Amino acid sequence: MDNETHARFLDAIDRWLLAHRAGLLARVGALVAFPTPSPPGRNTDIAQRAIAAWFAELGGEVAWLPVYPGDSDVVGRWPAATGATGRSLLFNGHIDVAEVAEEGWESPPFALTEREGRVYGRGVGDMKGGLAAAIFALEALRACGARPGGEVIIESVIGEESGEWGTVACIERGFRADLAIVPEPSGLRPCGQGGVITGWVTIQSPQTLHDGVRARTIHAGGGLVGANAIEKMMRLLAALNDLERHWAVTKTYPGFAPGATTINPAVIEGGRHPAFMADRCALWITVHFYPDERWEDVTGEIEEHLRRAAAADPWLRDHPPTFAWGGRSMIAERGEIFPAVALDPDAPGLAALGRAHAAIHGEAPVATMWPSVSDAGWLARAGIPTIIYGPGELAEAHTTNESIAVDDLVDAARVYARLIAEWCGLEVAP
Ligand SMILES: [Zn+2]
C-alpha cells in the first residue's frame with residue numbers, strides 16, 4: 001500500500017480506538033470477571049475459552065495448549081497474507097492474577113468498577129488490561145478494514161504468578177516471532193528485566209543421633225563424630241551473606257541500583273523432634289541476577305562458593321551440601337525460574353516501539369529496567385528480541401484495590417496498533 005493509504009489507515013485506526021473506549025473496557029471487564037488467581041491456579045480454562053472465542057471472532061487461528069488440568073494456554077495466530085513480507089510480532093500476556101484477599105476492597109475484585117478515570121479490579125494492571133489492549137489493537141485494524149502485513153501471534157498464558165511454565169509450553173510448541181512485546185504494567189515504558197531463580201541448599205547427615213548424645217559430639221573426648229544440620233547450615237548462611245555482599249560491590253548493570261543481585265534466605269526447614277539431633281536442614285533461597293547473566297552461571301558461582309565454605313569445616317567437608325535449582329511451579333514443585341531480559345539499544349524492535357509510542361504520546365519513551373520479573377525472560381531466552389511494555393504501574397500490581405487509568409489502557413491499544421503497522425506493515429483486508 002502507498003504511503004498515503006498507510007497514513008489514512010493509521011489515522012482511521014487511531015480514531016476508532018479513541019471512539020471505542022467503552023468497547024475496550026467491556027473486554028477488560030469480561031476478563032476480570034473470571035476469578036483466575038494463582039495460587040491456587042487450575043481455574044483459567046473458562047477465561048481462556050472466552051479469549052479463544054475472541055481470537056476466532058477476529059479471524060485468528062486458535063491453538064489450545066493444555067498445561068495443567070483446568071489451566072491451558074491459548075494462542076491466536078494471524079498469518080501474513082500471501083506475498084506479504086512484513087516482520088512477525090508476538091504479544092504474550094498471562095491470564096492468571098495474583099492471589100486476592102476480599103477484605104479491604106472498596107468494590108468486588110472480580111467486577112470491573114470505574115471511578116474518576118480509573119478502573120478497579122484484580123488483574124486490571126497485572127495484566128488482563130494489557131493483554132486485552134493488545135487484542136483490541138487487532139480488533140481496531142479489522143474494524144477499519146486493515147490486516148497486518150506480517151504474522152501476528154497473541155499468547156494468553158497460564159501460571160505466571162506461580163512461576164509455572166505456560167510461556168515455555170508456547171515456546172516448546174514452536175511459536176516464534178521477530179519481536180515480542182509483553183504488556184506487563186511498565187507505565188508504558190520499554191523495559192528489560194533481571195532474572196530470578198529459587199533453589200534449595202540441603203545438608204543431610206548420614207546418622208540420626210539421639211539428643212542424649214549431643215554432649216559426645218561437641219565436647220573434648222566425646223569420641224562421637226556427628227553434627228547438627230541446623231548448626232552447620234549457619235555456616236552456609238554466613239557464606240551466602242558474604243557472597244551477596246561481594247556481588248553487591250563487584251556486579252553492576254545500568255538501570256539497577258547497586259546490590260540488586262540479592263540472595264534471600266527465604267525459608268528454612270530442619271530437624272525432626274527435640275529428642276533428636278537435627279540430621280537434615282534445607283534452605284530455600286531466592287537469587288536475583290542481572291540481564292547479562294544466565295542462571296546456570298549464577299547458580300554455579302553459589303555452588304562453588306558454598307563448596308569452598310563447606311571444605312573449611314571438618315564435618316561439612318565430608319558431608320557437603322546438595323543443591324536443587326529452579327522448578328516448573330511454585331505450587332507443584334516449590335521452585336521457579338525467570339530468565340533475564342537485556343535490552344539492546346540498537347535493536348530495530350526497540351526503535352519501532354519508540355516510534356509507535358512517540359506517534360501517540362508526542363515524545364520517545366525512555367527505556368529502562370523493570371524492577372520485577374515476568375515471562376518475558378523465557379521469550380528472550382528462546383532468542384526472540386523481547387520488550388516489556390504495558391499500561392499501568394507495577395506499584396498497583398498485586399495490591400488491594402488494584403487499578404489502572406483508563407487513558408493508559410486506551411493509549412496502550414493505540415501504541416500496539418501503531419506498532420503492528422510499523423513493524424509488520426499494513427495490508428488491506430480481503
Ligand atoms: Zn504480571
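**Close-up views of a predicted model**

**View 1. The largest nonpolar core and its most connected members.** Within the largest nonpolar core, which holds 117 residues, the members that touch the most others are Val-28, Ala-133, Ala-137, Ala-413, Tyr-416, Ala-417 and Ile-420. Helix α12, running through residues 406–424, supplies the largest share of this core, namely 13 residues. Both domain 1 (3–193 + 341–428) and domain 2 (195–325) contribute residues to the core, so it lies between them. As in every view here, the model shown is a predicted one.

**View 2. The surroundings of Ala-417.** Once the neighbours within four places in sequence are left aside, Ala-417 is in contact with Ile-13, Leu-17, Ala-137, Ala-140 and Leu-141. One of these partners, Ala-137, is itself listed with Ala-417 among the core residues that touch the most other members.

View 3. The domain assignment divides the protein into domain 1, made of 3–193 together with 341–428, and domain 2, made of 195–325. Although the C-alpha centres of domain 1 and domain 2 lie 40 Å apart, eight residues of domain 1 are in contact with six residues of domain 2. On the side of domain 1 that touches domain 2, the elements giving two or more residues are β9 (191–193) and β15 (368–370). Sorted by class, that side of domain 1 has four nonpolar and four polar residues, with no charged residues.

**View 4. An open sheet of three strands.** The strands of this open sheet follow the order β4-β5-β17, and their pairing is antiparallel. Both β4 (113–115) and β17 (403–405) stand at the edges with a single partner strand each, so one side of each is left without a neighbour in the sheet. From one strand to the next, the twist averages 25°. The antiparallel pairing of β4 with β5, the strand of residues 118–120, runs over three bridges, and Arg-115 has Arg-118 in β5 as its bridge partner.

**View 5. The whole chain, for orientation.** The protein contains twelve helices and 18 strands, and its C-alpha trace spans about 95 × 45 × 40 Å along the principal axes. Of the 430 residues in the protein, 47% are buried. When contacts between residues at least 6 apart in sequence are considered, 79% of them join residues at least 24 apart.

Notes. Residues are numbered from 1 along each chain as its sequence is written. This is a predicted model: local features need pLDDT of at least 70, side-chain atom pairs count only at pLDDT 80 or more; totals for chains, interfaces and linings use all residues. Two strands pair if DSSP finds at least two bridges between them. Helices (H or I, at least four residues) and strands (E, at least two) are DSSP runs, numbered from the N terminus. Axes are lines fitted to C-alpha atoms, for helices over the stretch in contact, and angles run from 0 to 180 degrees between N-to-C directions. Domain bounds come from an automatic or database domain assignment. Two residues are in contact if their C-beta atoms, placed from the backbone, lie within 7 Å. Ala, Val, Leu, Ile, Met, Phe, Trp, Tyr, Cys and Pro count as nonpolar, Asp, Glu, Lys and Arg as charged, and the others, Gly among them, as polar. A residue is buried if 20 or more other C-beta atoms lie within 10 Å of its own, exposed if 12 or fewer, and partly exposed in between; C-beta atoms are placed from the backbone. A nonpolar core is a set of buried Ala, Val, Leu, Ile, Met, Phe, Trp, Tyr and Cys residues joined through C-beta atoms within 7 Å.
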